[in-house]
Amino acid sequence: MRKDVRILLVGEPKVGKTSLIMSLVSEEFPDEVPLRAEEITIPADVTPERVPTHIVDYSEAEQTDEQLYQEISKANVICIVYSVNNKKSIEKVTSHWIPLISDRTDKDSRVPLILVGNKSDLVEHSSMETILPIMNQYQDIETCVECSAKNLKNISELFYYAQKAVLHPTGPLYCPEEKELKPSCIKALTRIFKISDLDNDGVLNDNELNFFQRTCFNTPLAPQALEDVKNVVRRNMADGVRDDGLTLKGFLFLHTLFIQRGRHETTWTVLRRFGYDDDLELTQEYLFPLIKVPPDCTTELNHNAYLFLQSVFDKHDKDRDCALSPEEVKDLFNVFPYMPWGPDVNNTVCTNDEGWITYQGYLSQWTLTTYLDVQRSLEYLGYLGYSIICEQESQAAAITVTRNKRIDLQKKQTQRSVFRCNVLGARGSGKSGFLQAFLGRNLQRQMRIREDHKSYYAISTTYVYGQEKYLLLHEVMPDFDILSEPDLSCDVVCLVYDISDPRSFEYCAKVYKECFLDSKTPCVVVAAKSDLHEVRQQYSQSPLDFCRKHKLHPPQPFTCNTNEAPSKDLYTRLTTMAMHPHMAQADLKNSTFWLRASLGATVFAVLGFAMYRVLLKHR
């Protein structure tokens, strides 16, 4: 909502503009009326809408045309005052004032107009018959008020309506000619309906209506009031109520009714609660709440955020197969202004045999977005209504900013759940295969991936000492000269070479010596395509000798050319190294250390699958 409201009064001389302002302030008709009243500010605590209001007078005798134009450009609402007993002042409304204001305001952001018929105490008849055709002709006119500065009739109402025209404008919501909601309003209310439909059955049941009412108006509806609302819809719409719940059509009808009855503030309260501004766009403050991420810190979703995302998944997994079909994904993102996930996402996270994103893959993609681009994650959570459903101040409550990595090294322990592994290697060394193998895809499945659907990221879970962690693999482009800080900044490095290509290892050796030799980042050399015949590398040292000299693990054999899903042992090892970078390389080589880590992974993978089946039964 606006922080303040600026009301400008214009009109012909002697129609009573200044008298109206002075009568409002002093609550009595002034004995002497100056040519022009000074600008008055009414404090927020004495206005119905709790917003400071500035009232500005215009006097043709005291001000120039240029000053008038400046005031028009600054005004939030303009009251065109005429005298009900002066036909010429009424004619001037359309012949002079409306065209003048129209010429001086931006066509895309028209200022609302209020027609004010003053001196109603001097006549017995109403001017409404003359004014109604003018109101129908000009869309910018919000309303017309007849009042009297002398006997104080409708003075406070006049300024309340002016305030309301700014804070709760009709223009963006409703088309009076068509007598229906505008498309942008329908779109916004449809999103609100879908967010509020917690079980995604297409109707708002009593519990959902009560939650919606409490969220927007801080008070639940009594059972009888709920029935009354539904009965109003039933009487007016055949398909407004279904299974004793309010349908989208019924929900939109109610808001049309509110607006037609002059209760725009009800609809605006709902729209603003769900993040909309006066142009029915989601505000930057709503989508991008402030969050500070210091250097060397990362961003993760917290427990409550995962619970919310699980509920969103369950809401849209209609066939209960623990995967999202393309139609279910489309339905999930229906509350977004665009589709946020492209086909590359299906090659970034785990999918089922049909290529649909699994429950685990869905959470992994959210984890990846939050880690790589927290602002985008906040935006997405905003579209889904996180702060509303979880009753939080903003989406920032969903994010954990981890402590500085340097502190983790000092304390020799970490509280992080997501670890980044940058995968480097020469072209054709097997990096892409290494990423896809992490998602359980052997070479045969990988060959079905289209080039334009390829992803340079892969993320999934691993278990280290029974703790579930996310490992994020990033395939770094092999152009050595343009390696950037993000390409080198990570928790563990994977240097991949092709054992069947004699020139492949040289790249790994060069990258290690130039970028990681003096780094505290753990490095692992991976001998990829280990199912092929190994050839001698055209480098001054063999890969094994190179690793011994630099106190690295021996090259780890790896292949994705398997009948089943490739082994995950190496990924567990990478995650363990990322979690324990303080451990000396010698300790990491210790076979019992890796045995314990791998055993923990196996046990918890089995337990995890058992729990998964139990949860599936409950669903």
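Q63 touches R36, D57 and Y58, leaving aside residues up to four places away in sequence (a contact means heavy atoms within 4.5 Å). This is a predicted model, in which local features need pLDDT of at least 70 and side-chain atom pairs count only at pLDDT 80 or more, while totals for chains, interfaces and linings use all residues. Residues are numbered from 1 along each chain as its sequence is written, and side-chain values use heavy atoms, with hydrogens and water left out.

**Around Q63**
- Q63 sits in the loop between β3 (53-57) and α2 (65-74); helices (H or I, at least four residues) and strands (E, at least two) are DSSP runs, numbered from the N terminus.
- With a relative accessibility of 11%, Q63 counts as buried (under 20% relative accessible area; exposed is over 50% and partly exposed in between, with a 1.4 Å probe and protein chains only).
- The side chains of Q63 and R36 make a polar contact at 3.1 Å (a pair of N or O atoms within 3.5 Å; within protein, one must be able to donate a hydrogen and the other to accept it, and residues adjacent in sequence count only if both atoms are side-chain atoms).

**Helix α15**
- Helix α15 spans residues 374-384 and has nine of its 11 residues buried, so it is largely enclosed by the rest of the structure.
- Among the buried residues of α15 are E379, Y380 and Y383.
- Just after α15 comes G385, with a positive phi of about 80°.

**Cysteines**
- You will find zero disulfides here (a disulfide is a pair of cysteine sulfur atoms within 2.5 Å).
- C322 is in no disulfide, and its nearest cysteine sulfur, that of C350, is 14 Å away; C322 is buried, at 5% relative accessible area.
- The closest cysteine sulfur to that of C421 belongs to C494, but at 4.7 Å it is too far for a bond.
- C421 is buried too, with 0% relative accessibility.

**Annotated span**
- An unreviewed UniProt entry carries the annotation "domain: EF-hand" over residues 304-339; such annotations may be inferred rather than shown by experiment.
- Residues 304-339 are 56% helix and 6% strand, and the end C-alpha atoms lie 24 Å apart.

**Confidence**
- The protein chain averages a pLDDT of 90, and 93% of the residues score at least 70 (pLDDT is the predictor's confidence in each residue, from 0 to 100).
- The pLDDT is below 50 over residues 584-589, a stretch with 14 contacts in the model beyond near neighbours in sequence.
- Residues 591-619 also have pLDDT below 50, with 33 contacts beyond near neighbours in sequence.
- Where pLDDT is low, the predicted coordinates should not be read in detail.
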